[in-house]
Amino acid sequence: AVSFFRTQVSTQGGYLWRYSADLKRREGESITGVHTVWVQPPGTPTVGQTYLRAYHRTHEPYLLAAAVETGEALLKGQLHSGGWDYRIEFEPTTRIRYAYRLDGKNPDRRNVTTLDDNTTQAAVQFLIQLDKTLEFKDPQIHSGVRFALEQLLLAQYPLGAWPQRYDRFPDPAKFPVLKSHYPSSWSRHFPNVDYRTYYTFNDNTIADMITTMFLAARIYQEPRYLAAAERAGDFIIAAQMPVPQPAWAQQYDAKMQPAWARKFEPPAITGGESQGVLRTLLLLFRHTGKSKYLEPIPAALDYLERSQLENGQLARFYELQTNRPLYFNRKYELTYDDSDLPTHYGFKVNSQLASIRQDYKTLLATPNPVAPGSAREPPIHLTDRLQTAAYKVVKALNQNGAWIEPGQLKYQKQALPTELIINVRTFIRNIDVLSRYVGARRP
């Protein structure tokens with residue numbers, strides 16, 4: 001299966017999301033050609049992590065070789081700004097549009113590091129773990145990941161946040177250290193603003209950055225990375241909105257006021273990302289032991305529990321100060337009516353508040369919480385369930401080494417609702433099952 005993916009599916013060590021069974025049509029979050037790979041999960045870094053995890057379980061050299069190949073593909077897409085765009089281009093006439101670090105100085109080309117959707121963070125986390133596995137002896141991988149981390153430190157705002165994406169580093173004079181507050185008024189109509197520089201919780205941008213910095217601090221024993229994660233935690237504290245809505249917005253402008261992003265993301269308190277912020281505060285406490293990261297949680301939980309809809313869900317958006325749920329209709333008009341919602345976006349989200357409150361109580365009662373990721377993977381035992389899963393995975397593999405399944409290429413016209421495809425998520429899941437099986441302790 002790994003050989004098939006490396007020799008038939010891969011483009012120079014990189015991967016997309018879905019392929020037609022004959023590999024003639026391909027896509028990540030859009031239709032692509034044979035010379036493009038995707039960084040945004042579950043693309044190239046996620047496949048690399050799968051190879052690396054399988055190597056640690058099985059100690060098979062071909063898996064480490066696959067992981068290194070994937071790491072090298074990522075380095076070919078690293079930008080001078082330190083991180084990655086959603087995609088990497090290998091075709092020369094397209095590649096020249098980007099300011100790729102390995103291609104030399106290209107000051108006038110696209111140099112936008114994307115933190116949205118765990119894109120750069122996933123790449124950096126994989127390269128950190130690959131660097132450690134190689135005992136920091138591969139100079140290209142080591143220098144690439146350290147360069148990425150240094151640029152990400154420069155991109156952090158003075159008050160500890162990160163933007164959704166950037167191509168230059170912030171001028172501290174333009175981003176004063178403030179506490180969040182409500183605007184005196186806000187437009188009900190989409191102003192078509194450039195929101196990329198806003199302080200961004202949307203899609204777990206800052207949570208993923210904090211996880212990345214904690215990992216870097218542990219692997220490289222570098223206090224500056226730990227300090228960056230803690231500054232981001234301090235930003236979370238400062239970004240908690242005042243009463244009557246002590247939770248968080250999706251994004252804030254430089255005035256530390258909730259702000260518009262896309263045409264369906266208004267200035268509002270968010271029931272979605274606020275839950276992710278609460279989990280991040282628990283993570284910060286586990287890593288640092290500092291109780292200040294627990295202090296915002298009770299008021300936020302109480303407020304969000306009061307704000308649950310009749311069906312137990314949370315609205316994605318609550319109107320500032322009135323706390324009325326906000327929605328959009330299919331014409332993208334802001335409304336209080338939820339009867340005509342667009343289907344591409346979750347305007348209602350499931351509540352995880354009971355689980356978060358339980359984790360909070362458990363953490364309060366734990367004298368010495370263990371930082372996540374600081375311990376090795378626990379031993380894997382050969383259970384009947386694992387044996388059955390491995391058997392099914394092997395049985396489903398075709399003679400070429402591919403898992404082919406009915407599915408859909410989401411961004412392409414199809415004659416039928418489903419066709420035969422190769423799904424990278426399936427490959428990742430199946431390799432994980434097989435590596436667990438091979439690495440499991442036998443009775």
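**The largest cavity**

Helix α9 makes the greatest contribution to the lining of the largest cavity, giving 4 residues, in a structure that is a predicted model. The cavity count comes to 1 at 30 Å³ or more, and the largest cavity holds about 60 Å³ of space.

Its lining is formed by Phe201, Asn204, Ile206, Ala207, Ile236, Glu273, Gly276, Val277 and Thr280, and the elements that supply two or more residues to this lining are α7 and α9. Sorted by class, the residues that line the largest cavity comprise 5 nonpolar, 3 polar and 1 charged.

**Geometry of α7 and α9**

Two packed helices are described by the angle between their axes together with the distance between the axes. Helix α7, which spans residues 205–220, packs with helix α9, which spans residues 273–288, at an angle of about 15°, and their axes lie 10 Å apart. Because angles under 35 degrees count as roughly parallel, α7 and α9 are therefore roughly parallel to each other. The crossing that the helices α7 and α9 make is left-handed.

**Residues in the contact**

On the side of α7, the contact is made by Ala207, Ile210, Thr211 and Phe214, which meet Thr280, Leu283, Leu284, His287 and Thr288 in α9. The residues of this contact between α7 and α9 divide into 5 nonpolar and 4 polar, with no charged residue.

Ala207 and Thr280 take part in the contact of α7 with α9, and Ala207 and Thr280 are also among the residues that line the largest cavity.

Definitions and conventions: Residues are numbered from 1 along each chain as its sequence is written. This is a predicted model: local features need pLDDT of at least 70, side-chain atom pairs count only at pLDDT 80 or more; totals for chains, interfaces and linings use all residues. Side-chain values use heavy atoms; hydrogens and water are left out. Axes are lines fitted to C-alpha atoms, for helices over the stretch in contact, and angles run from 0 to 180 degrees between N-to-C directions. Angles under 35 degrees count as roughly parallel, over 145 as roughly antiparallel, 65 to 115 as roughly perpendicular and the rest as oblique. A crossing is left-handed if the near helix is turned anticlockwise from the far one by less than a right angle, and right-handed if clockwise. Contact means heavy atoms within 4.5 Å. Ala, Val, Leu, Ile, Met, Phe, Trp, Tyr, Cys and Pro count as nonpolar, Asp, Glu, Lys and Arg as charged, and the others, Gly among them, as polar. On a 1 Å grid over the protein atoms alone, a cavity is a set of points where a 1.4 Å probe fits but cannot get out, and a pocket is an open set with protein on both sides within 12 Å along at least five of seven lines; lining residues have an atom within 4 Å of a point. Grid points are joined across faces, edges and corners, and a volume is the space filled by probe spheres set on the points.
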